[in-house]
Amino acid sequence: MSSTAKTTWRDAGLRYYAYSWYLRKRFGERIQKISLDAKFTCPNVDGTVAKGGCTFCDNRSFSPSRREPIRDITDQLANGITRLKRRYKVDRFIAYFQPATNTYAPVDRLRPLYEQAIDHEKVVGLSIGTRPDCVAEDVMDLLQEFAGRTFMSVEYGMQTIHNKSLDWMNRGHHHDATIDAIERSRGRGFEICLHVILGLPGETHEDMMATAAEVARLNIDSVKIHNLYCVKNTKLADQVQSGEVTLMERQEYIKTLVDFLERIPSDVLVERTIGDAPPQFFVGPSWCLDKSAVLRAIDDELVRRDTWQGKLL
């Protein structure tokens, strides 16, 4: 990204490089993501590397598209556009392949799904959520091809750099897989995004700051950060109920998040700073359900400390 991009968000009065602001600057208008479900699974669900999926995961809670009846991609787009237009003044969209692992299939299955998405006249880009251990070289080539045709982001679920935590969550890969995927993604024309979870059991503040330092070192384009939260019908729900796992309190999370932001470069887009789920799926922590209040509290903490993204670099 250009040096202008590094400073413009601060000139606009922001304390971190917010993705919504970036998209508006890039496209000249508001852009919303539409969650699409191509009915993929994951290698730690189907037994390839593990069974049971991630400890915290129920895709229905994370992805609106997985809570709806099965539709083809074109119908999902039409439904998503109608729904989002009721809520926002928006006319263009990013097609977001969100639940499960959206590169976990042969190229001849992936290509027509991505094609259907970008063929819609209101779609200006693609976002592909996946795992770092599910991007074979032919899949990388396919992603590069689509990046040459449209705006594109590939979101890798890094979660943490600590292998003990990846083992705890039944991830089925270690951090070396993330490093490998990022290195093979460079120069292919798509944005490289990492997902990070704060508040994993057994991780100290220093552990989480080490993950921040690694995000800075890896020289990626964007990051999604959220606290560990719990939804029903997961192993994590059982662990929270039994007292085996304690979820972060709001103020601790806000402090940790701001500490994290201070340690990542000012040209890394921040796509998300809080996680939540629909109340019917949600276990806790309850403070996540008032997302707007948490976002205000994050801004208040940044102002109170007179700090901003990248200040400590």
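**Salt bridges in a predicted model**

User: How does lysine 122 count by relative accessibility?
Analyst: In this predicted model, lysine 122 has 24% relative accessibility. Buried would need under 20%, and exposed over 50%. Lysine 122 therefore falls between the cut-offs and counts as partly exposed.

User: Which residue forms a salt bridge with lysine 122?
Analyst: The closest N and O atoms of the pair are 2.9 Å apart. That is within the 4 Å cut-off. The partner is aspartate 91.

User: How many residues apart are aspartate 91 and lysine 122?
Analyst: Aspartate 91 lies in the loop between helix H4 (73-87) and strand S2 (92-97). Lysine 122 lies in the loop between helix H5 (107-118) and strand S3 (123-130). The pair links distant parts of the chain, and the separation is 31 residues.

User: Glutamate 271 and lysine 33 meet in a salt bridge; what is the N to O distance?
Analyst: Glutamate 271 is buried at 15%, whereas lysine 33 is partly exposed at 22%. The pair joins strand S8 (residues 269-272) to strand S1 (residues 31-36), 238 residues apart. The N to O distance is 3.2 Å.

User: How many salt bridges does the structure hold?
Analyst: Some are linked in a network, whose members include Lys255, Asp259 and Arg305. Across the structure, the count is 25.

Note on methods. Residues are numbered from 1 along each chain as its sequence is written. This is a predicted model: local features need pLDDT of at least 70, side-chain atom pairs count only at pLDDT 80 or more; totals for chains, interfaces and linings use all residues. Side-chain values use heavy atoms; hydrogens and water are left out. A salt bridge is a side-chain nitrogen of Lys or Arg within 4 Å of a carboxyl oxygen of Asp or Glu. Helices (H or I, at least four residues) and strands (E, at least two) are DSSP runs, numbered from the N terminus. Buried means under 20% relative accessible area, exposed over 50%, partly exposed in between (1.4 Å probe, protein chains only).
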